[in-house]
Protein chains: 2
Amino acid sequence: MNTETQMNTYKQQVEQALEALPMAGAPDALKDAMRYSLLSGGKRLRGILTLAACEMAGGNAQDALPFAAAVEMIHAYSLIHDDLPAMDNDTLRRGKPTNHVVYGEALAILAGDALLTHAFEVMAQSRHPRALEALGEMARAAGVSGMLAGQTLDVTMQGTEPNMDLVRDIHQGKTAALLTAPVVAGLMLGGASATQIEAGRRFGYHLGMAFQIVDDLLDIEGDPDKLGKSTGKDEEEGKLTWPACVGMDWARQDAADHIRHAKAALAVFGEKAAFLTALADATLEREN
Amino acid sequence: MNTETQMNTYKQQVEQALEALPMAGAPDALKDAMRYSLLSGGKRLRGILTLAACEMAGGNAQDALPFAAAVEMIHAYSLIHDDLPAMDNDTLRRGKPTNHVVYGEALAILAGDALLTHAFEVMAQSRHPRALEALGEMARAAGVSGMLAGQTLDVTMQGTEPNMDLVRDIHQGKTAALLTAPVVAGLMLGGASATQIEAGRRFGYHLGMAFQIVDDLLDIEGDPDKLGKSTGKDEEEGKLTWPACVGMDWARQDAADHIRHAKAALAVFGEKAAFLTALADATLEREN
């Protein structure tokens, strides 16, 4: 299977898992608000990473499917809360009005809370022997030393002087943590050794840092139609970005370096790393 | 040990576990906002239930301590988000300004998210053989068919005509679910049988329903100084309460009936049920 076909297969598996989430007992208003953001397209990169990492370690992607769905729910929750008026106050996401614009702030807060909680509910239903370990990896990545650390710095440091260490910390937390956890969790569920998991952790870190630098670059020079959101917001809001620290040319070079390191980390997986290697390369070329 | 001494011992164990949470890697601003609400007093009823249920089943309370801390974190998160301007817009809680009044809305949203996520991070570190099962119970109770269902109905149904079935659903979700889960999780960690767990589930349900009816009554006739918050808010906001459905006298009687059912459910535990029986009785007498 070539990379693109494989990518689409994984993506469809993730979409189907998300579509099929029962959310039994949820009031309709809550379910609607959750599904509005969860099923609004998106690259499904985090879910794909979970499945691909599981297979790279020799496992069965089916075992990783609840975790792929969970990480996409965690990602969706973070976007809903991020877009709230008290946070980034964004009204457009993937070409559609944001959650609070459609459902109001109260339901948007609850829908975010519900997606986060449901992610853990779904993972806890797994009977895989390493389920608790994989769930813990997701919790840590989404938690106070991961994504929420990044978000907090992003919110509280807005408007301060760009500083490479600080921006690295923000990017590590806000983006790299939640790209690393699905790789690590997928590897665990696929039966990976400690050495393989450490390699996966390095891969995820560098992939995530490259991904965020490209994000920063797209906010400056991207096409709003392809992105599904307006550009130039980072500068307007005084966000701490990598191009603001080192300039556009160096930022492009740094993204390429991170991808080089990401691919090098996969050496331990030999030929089985082909798909994630191609995915890493594609991260540099993406337009949305 | 008499009931009061036992209650204080459990409460101190919960407080110490919460005080000792490392929250390693959390930015100071986030940690401060989390600790402000988490360590602001409170009865620690949910944490106490976790430890007591574990011991009632013959287990060691130490095994249940991470879960006691976790359920208190989940409770604290729910209060922070509940108090937000877009939700109940409360400015006073336990006699102190609410989280968003002190830290601003953005950090209050993040602190709530972080407490919820940290609860799962802490539970996932347990190596107890039934940890995943107990964690799943907490997730379900906090989730779309539990607490978040109750909150959603509470928010979306405000101002509609009181209706016993609807109010029962709201109370079941918003309150009883998160009083039942610590009982059930504690029992699991203590090695309880399926029959014992079902008995604990009935106990938690009736305790929770009584607890919420008493809450509704205190909002009408309680002492604001003892409660640490203003009263009369439910009526002002058109909240759906049990006294609004059936009147004060019947509401008092229904609370007493729920406590009777709660205690009856504990029969299967024999003498070991003494503490939770006394705790149930105390729920009817509480003034805050």
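# A walk through a predicted two-chain model

At 1.5 Å a residue, the 23 residues of helix 4 (residues 61-83) of chain A should span 33 Å, and the 32 Å between its end C-alpha atoms agrees with that. The expected span is 1.5 Å times one less than the number of residues. Helices here are DSSP runs of H or I with at least four residues, strands are E runs of at least two, and both are numbered from the N terminus.

This is a predicted model, in which local features need pLDDT of at least 70 and side-chain atom pairs count only at pLDDT 80 or more, while totals for chains, interfaces and linings use all residues. Residues are numbered from 1 along each chain as its sequence is written, and chains are lettered from A and ligands numbered from 1 in the order in which they are written.

Stay with helix 4 of chain A for a moment. Of its 23 residues, 21 are buried, so the helix is mostly covered. Buried means that 20 or more other C-beta atoms lie within 10 Å of the residue's own; 12 or fewer means exposed, anything in between means partly exposed, and C-beta atoms are placed from the backbone.

Now take chain A as a whole. Its secondary structure comes to 15 helices and two strands. Its C-alpha atoms fill a box of roughly 50 × 45 × 35 Å along the principal axes. A compact globule of 288 residues would have a radius of gyration near 19 Å, and the 18 Å of chain A agrees. That radius is taken over C-alpha atoms, and the globule rule is 2.2 Å times the number of residues to the power 0.38. Of the 288 residues of chain A, 56% count as buried. Among contacts in chain A between residues at least 6 apart in sequence, 73% join residues at least 24 apart. Two residues are in contact if their C-beta atoms, placed from the backbone, lie within 7 Å.

Next comes the pairing of the chains. The same surface serves both copies, as 100% of the contact residues of chain A recur in chain B.

What builds this contact? Chain A gives 41 residues and chain B gives 41 residues. On the side of chain A that touches chain B, helix 2 (28-38), helix 6 (105-124), helix 7 (131-142) and helix 8 (147-156) each supply at least two residues. Helix 6 of chain A gives the largest share, twelve residues. By class, this side of chain A has 26 nonpolar, eleven polar and four charged residues. Here Ala, Val, Leu, Ile, Met, Phe, Trp, Tyr, Cys and Pro count as nonpolar, Asp, Glu, Lys and Arg as charged, and the others, Gly among them, as polar.

Helix 8 of chain B (residues 147-156) is mostly covered, with nine of its ten residues buried. Among the buried ones are B:Met147, B:Gln151 and B:Asp154. Their cover comes from both chains: it includes helix 2 and helix 6 of chain A, together with helix 4 (61-83), helix 7 (131-142) and helix 9 (164-189) of chain B.

In soluble globular proteins, nonpolar side chains tend to be buried together. The largest nonpolar core in this model has 202 residues, of which A:Ala111, A:Met138, B:Ala111 and B:Met138 touch the most other members. Such a core is a set of buried Ala, Val, Leu, Ile, Met, Phe, Trp, Tyr and Cys residues joined through C-beta atoms within 7 Å. Leaving aside neighbours within four places in sequence, A:Met138 is in contact with A:Phe67, A:Ala70, A:Val71, A:Ile74, A:Met123, A:Ala181 and A:Ala185.

Finally, look at some single residues. A:Asn89 lies in the loop between helix 4 and strand 1 (92-93) of chain A. Its phi is near 50 degrees, a positive value in a residue other than glycine. A:Asn89 has 13 other C-beta atoms within 10 Å, so it is partly exposed. A:Thr231 sits in the loop between helix 11 (224-227) and helix 12 (233-237) of chain A. With 15 C-beta neighbours inside 10 Å, A:Thr231 also counts as partly exposed.
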